[in-house]
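Okay, thanks for coming, everyone. Let me put the structure up and then walk you through a few spots.

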Amino acid sequence: MRLYGTFSGTLVVAGLAIIFTLLAPSIFEFFTIITLTQVIGLSILALSLALVWGFGGILCFGQSAFFGIGAYAYSVAAVNIGGSTGAIFIAILAAAIFAAILGYFVFYGKVSDVYLAVITLTVSLILYSLMRRTSGPEYKIGKALLGGFNGTGSPPLNVPGNGSAMLFPMQTFYVSMAVLITAYVFTGWLVTTKFGRVCVSIRENDVRTELLGYDTRLYKLGLFSISAGIAGLGGVFFCVGVTRVTPDVFSLGQSALAIIWVIVGGRMTLIGPILATFVLYFLTSSLGSQQVFNANLVLGIILVIFVLLVPNGVVPTIAGWFERRRTKRYIRQKERRMKLRKHRATG
Amino acid sequence: MARREVVLETRNLSMHFGGVRAVDNVDFELREKELRCLIGPNGAGKSTFFKCLTGQLTPTSGDVVIRDIPMTGREPHAIAGLGVGIKTQVPNLFDGLSAYENLWLSARRWHGDKRASQLVKETIERLELGEICSATVGSLAHGQRQMVELGMVVAAEPWLVLLDEPAAGMTDEETYKTAELVREINKTSALIVVEHDMNFIRAISDIVTLFHQGSIFMEDTMDVISADPRAREIYLGHKS
């Protein structure tokens, strides 16, 4: 099943990521490791969008809504529970349940793809506006103040079962990488299951999938909710890396960035958007610190270049180039063998 | 010999588009393992009737009953979910996937992974799709795409098959092969075939239903219908 990718390929990439994790402390400075933890959260967001858009064909322009819900749910739950482990699961569930409720009305209401993109973006912007208005002391959930424009503090990760044993930044980096790798392997496995393959078929032809007897609405809803849960998980590690969450997680810029990462990395792959998130984040960060070029302008130019010249994204383009080379080599070898056989037969 | 059980019926089925009565009070019955061809000139209502059966259109009034289950206005997946194989007029495939993947998705709806893979293998051999099974379906010729879609129907092992113009755009050889296949499917399944190709219909049909102006004009063998002067006038548009 060539076009769905192979799970063994996913495991190879996961193996390389484990090597990177182990080598990172000796390659990067301590400050870069702390920054990497934030980027890991963002790359999980990109992974979730690659799953729902790239494999399911559902353009969710407001994926950052679920990312933000995850971040806020974690922060509020961790403050109230007094530990991070349960809060992580609450964050995933909050994002997935919110998506399931929204998705039910969208998919069962037969809202078209374009409107789905608009609705999800609108929801994200509503949450942005809503959270900015929660600055008073009356806006609190349990012990956690929502903090309005300035946001709320996100407690660091702790050892499971021991709320007072906080993890150090290096340990947090290891845990974040482990979560990213697990999320990547999970999504890589998911797209090779029957569920994942049916989602790909819905992307290819919704009507045909329906005529085969699959309830496409249910599959879309399932994929939408799973991807939202993954985005929520990304939100957790982002806010842990930044140590607080602000309404900016719901902003238009955040939603657009996720789309750019997926376009640049390649929408039909899972690893492409993850790599694109890391590369573009550090590129724009270094541009921002030099103050020579406007980082957003450069990002915009990159997006235009990719849409026009590399529409499939980096990873699928490189993979396609290797595939064509392999096919050409195979044809040349076949021709050579045929010539040799002919030569032997005649002479 | 006892009459076979009715597996699909419509009662007073109508589909109106504004003032146009595309299907008008159609009473229709299909029995177990029966092969019925629907014919008629363009605009007679065959395809609209077909779409009402498959759930692609919700009828204005009347009922569609499949194996005593009321299916009027139900979603296509619910109708297909009863074990009904559907092939639409225009080849309707997963263009970005290979022929193998197309067949697998159909077989996997009903069977476990192992059985689905076995059925796909059998279908590829039966329909001689070996050369194109790893090709992306979007890159195939029209006739090959039609064969892949027929393969998708076969791979699911349905008990009722609804085919809309299965031989459209095929070469003579492909049409012959399709007629053979339809006959073979009919050994285990009931079929409704909407078709224009008279030679194809002659090759497969037992009873033919002639549609005219949204209603059933007559039902009989192809020989009787083609000998009927009114039917010839309807179909060919002139008296002969």
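I'll start with the ground rules, then go through a charged patch and some strands.

So, this is a predicted model: local features need pLDDT of at least 70, side-chain atom pairs count only at pLDDT 80 or more, and totals for chains, interfaces and linings use all residues. Residues are numbered from 1 along each chain as its sequence is written, chains are lettered from A and ligands numbered from 1 in the order in which they are written, and side-chain values use heavy atoms, with hydrogens and water left out.

Chain A, then. R324(A), R325(A), K328(A), R329(A), R332(A), R336(A) and K339(A) make up a surface patch of positive charge. For a patch, residues need over 30% relative accessible area and no salt bridge, and like charges are joined within 9 Å. A salt bridge here is a Lys or Arg side-chain nitrogen within 4 Å of an Asp or Glu carboxyl oxygen. R324(A) sits in helix α13, residues 314-346; helices are DSSP runs of H or I, at least four residues, and strands are E runs of at least two. Its relative accessible area is 51%, and exposed means over 50% with a 1.4 Å probe, protein chains only.

Next, strands; two of them pair if DSSP finds at least two bridges. In chain A, β4 (158-159) and β5 (162-166) run antiparallel, joined by two bridges, with V159(A) opposite N162(A). They form a hairpin with two residues between them, and G161(A) in the turn has a positive phi of about 85°.

Over in chain B, there's an open, antiparallel four-strand sheet, ordered β2-β1-β4-β5. β2 (20-31) and β5 (69-70) are its edges, each pairing on one side only.

Note on methods. Patches are made of residues with over 30% relative accessible area and no salt bridge: like charges are joined within 9 Å, nonpolar side chains (Val, Leu, Ile, Met, Phe, Trp, Tyr) within 5 Å. Accessible areas come from the Shrake-Rupley method with a 1.4 Å probe; for residues, only the protein chains shown count as cover. Lys and Arg count as positive and Asp and Glu as negative; His and the chain ends are not counted. The place of a charge is taken as NZ of Lys, CZ of Arg, CG of Asp or CD of Glu. Buried means under 20% relative accessible area, exposed over 50%, partly exposed in between (1.4 Å probe, protein chains only).
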